[in-house]
Amino acid sequence: MSSIKKVVLAYSGGLDTSAIVPWLKENYNCEVVAFVADVGQGAEELEGVEAKAIASGASECHIVDLKDELVADYIYPTLKTGAIYEGTYLLGTSMARPIIAKAQVEVARKVGADALSHGCTGKGNDQVRFESCFAALAPDLKVIAPWREWDLSSRESLLDYLAERNIPCSASATKIYSRDANAWHISHEGGELEDPWCQPSDQVWTWTNSPEQAPNESQLVQLSVKNGEVVAVNGEQMSPFQVLTTLNEVAAPHGIGRVDIVENRLVGMKSRGCYETPGGTVIMAALQAIDELVLDKTSRKWKDTLANEFSHLVYDGRWFTPLKDSILAAAEAFSTLATGEVVLKLYKGQVTAVQKQSENSLYSEDFATFGEDDVYDQSHAEGFIRLFSLSSRISAMNNK
């Protein structure tokens with residue numbers, strides 16, 4: 001059927017990819033190499049994954065640790081832009097896709113594969129993200145997307161397919177939710193969430209407390225920011241990955257980082273998802289607090305534009321593009337000013353920056369005070385207002 005000899009499959013150990021391994025061997029008569037990306041999804045998800053891959057028919061399994069690189073080289077640069085998709089989504093799934101795709105290509109080169117494969121469905125965003133990255137990094141490698149080719153159309157049919165071949169799988173036909181986890185977040189889709197009129201049940205959320213269950217006492221946490229990056233928590237210097245994991249542990253009990261949104265998928269449909277991003281929500285609040293101090297009005301307006309553009313770029317899977325380099329360069333210029341300290345209060349699902357300072361702050365109490373001052377002549381405002389509103393004045397005169 002094909003000249004494909006060896007395929008590297010992005011493998012998770014779940015139902016879909018467990019079925020894809022034998023399907024590739026049967027339909028392409030090729031060797032299948034499993035690739036597993038450790039992006040901080042947790043030891044439970046990775047436990048026994050190599051044995052599962054081999055039992056499914058893979059010739060070998062490569063587990064690649066990407067946790068530190070993900071946070072330092074993908075999440076932190078994105079944070080510098082201030083990107084939030086459609087005003088709410090902190091891009092947890094989206095930011096992980098380019099590093100996974102890059103590592104998959106590197107494994108393919110290492111083992112001499114001539115094709116790549118993934119388990120993304122034809123309805124989702126991830127197929128676009130992965131394949132756009134493949135196109136940028138390895139246009140010579142063929143991409144096989146089984147969900148766009150096979151006639152297996154349901155969870156039950158996948159389970160039957162594996163049972164017929166005596167391939168073990170821990171999945172069941174009663175699985176309710178589709179979840180994706182990494183060090184930054186966990187997403188939830190499916191089940192009752194497919195009806196936007198249906199409030200998420202308690203079993204949807206797996207990481208954070210509900211605000212009702214959160215402690216009745218608030219907690220303060222101090223973050224040190226240097227050049228747009230959080231470098232210390234409560235005075236302790238940490239790597240980006242350590243900062244994130246520490247803040248996840250601190251913020252999750254307080255119910256921080258829950259969102260429930262209906263978003264516009266790149267492929268045209270809307271989807272409803274619930275996301276938990278505890279530590280990331282705290283980091284974003286701290287960086288926004290520093291920006292409030294150090295960026296003037298027009299700079300903040302321009303950064304808002306960059307943030308919006310970058311959120312769509314990441315969401316759409318355009319990481320390996322000149323546009324990404326351009327926007328990150330602009331964000332980096334702003335980040336040279338973003339140094340300071342922020343104290344945040346965590347309470348019942350809310351994060352509030354209650355103290356903030358920066359050596360580059362443009363805030364001046366001498367100018368802003370409502371008390372008596374010697375630096376600002378309020379009579380100067382009259383001339384400014386007349387010039388600022390001059391076009392409106394001329395328009396009104398013309399209308400008369």
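Author: What follows is a run of questions and answers on the terms used for this structure.

Author: This is a predicted model, in which local features need pLDDT of at least 70, side-chain atom pairs count only at pLDDT 80 or more, and totals for chains, interfaces and linings use all residues. Residues are numbered from 1 along each chain as its sequence is written, and side-chain values use heavy atoms, with hydrogens and water left out.

Reader: How many helices and strands are there in the protein chain?

Author: There are 14 helices and 14 strands. They are DSSP runs numbered from the N terminus: H or I over at least four residues for helices, E over at least two for strands. The C-alpha trace spans about 85 × 55 × 45 Å along its principal axes.

Reader: Why is S187 called buried?

Author: Buried means under 20% relative accessible area, exposed means over 50%, and partly exposed is in between (1.4 Å probe, protein chains only). S187 has a relative accessible area of 7%, so it counts as buried. S187 belongs to strand 7 (residues 186-190). Leaving out residues up to four places away in sequence, S187 touches T93, S178, R179, D180, C274 and Y275; a contact means heavy atoms within 4.5 Å.

Reader: And what makes A72 partly exposed?

Author: A72 has 30% relative accessibility, so the label is partly exposed. A72 sits in helix 4 (residues 67-81) and touches P77 and P240, again not counting residues up to four places away in sequence. A72 and E229 are 157 residues apart in sequence, yet 9.4 Å apart in space, C-alpha to C-alpha.

Reader: What makes strand 2 largely enclosed?

Author: Seven of the eight residues of strand 2 (residues 31-38) are buried, so the rest of the structure largely encloses this strand. Across the protein chain, buried residues make up 47% of the 400 residues.

Reader: How do you know that strand 1 and strand 2 pair?

Author: Two strands pair if DSSP finds at least two bridges between them. Strand 1 (residues 6-10) and strand 2 have five bridges, in the parallel sense, so they pass. At one of these, V8 has V33 in strand 2 as its bridge partner.

Reader: What about strand 8 and strand 13: how many bridges join them?

Author: Seven bridges join strand 8 (residues 219-226) to strand 13 (residues 340-347), and the two run antiparallel. V221 stands opposite L344 in strand 13. Both strands belong to an open sheet of five strands, with antiparallel pairing and the order 10-9-8-13-14.

Reader: Why are strand 10 and strand 14 called edge strands?

Author: Strand 10 (236-237) and strand 14 (350-357) each pair on one side only. Helix 8 (residues 240-251) lies across strand 8, strand 9 (229-233) and strand 13, at about 65° to strand 9. Axes here are lines fitted to C-alpha atoms, for helices over the stretch in contact, and angles run from 0 to 180 degrees between N-to-C directions.

Reader: At what angle do helix 4 and helix 10 pack?

Author: The angle between helix 4 and helix 10 (residues 297-315) is about 145°, with their axes 8 Å apart. T78, K80 and T81 in helix 4 meet K303, A307, F310 and V314 in helix 10. By class, the residues of this contact are three nonpolar, two polar and two charged. Ala, Val, Leu, Ile, Met, Phe, Trp, Tyr, Cys and Pro count as nonpolar, Asp, Glu, Lys and Arg as charged, and the others, Gly among them, as polar.

Reader: What is the volume of the largest cavity, and what makes a space a cavity rather than a pocket?

Author: On a 1 Å grid over the protein atoms alone, a cavity is a set of points where a 1.4 Å probe fits but cannot get out, whereas a pocket is an open set with protein on both sides within 12 Å along at least five of seven lines. The largest cavity has a volume of about 30 Å³, the volume being the space filled by probe spheres set on the points, which are joined across faces, edges and corners. Lining residues have an atom within 4 Å of a point; here they are T78, L79, A83, L90, M95, W184 and M284.

Reader: Which residues lie nearest the centre of the second largest pocket?

Author: T88, L90, G257, V259 and T281 do, out of 19 lining residues. Helix 9 gives the largest share of that lining, four residues.
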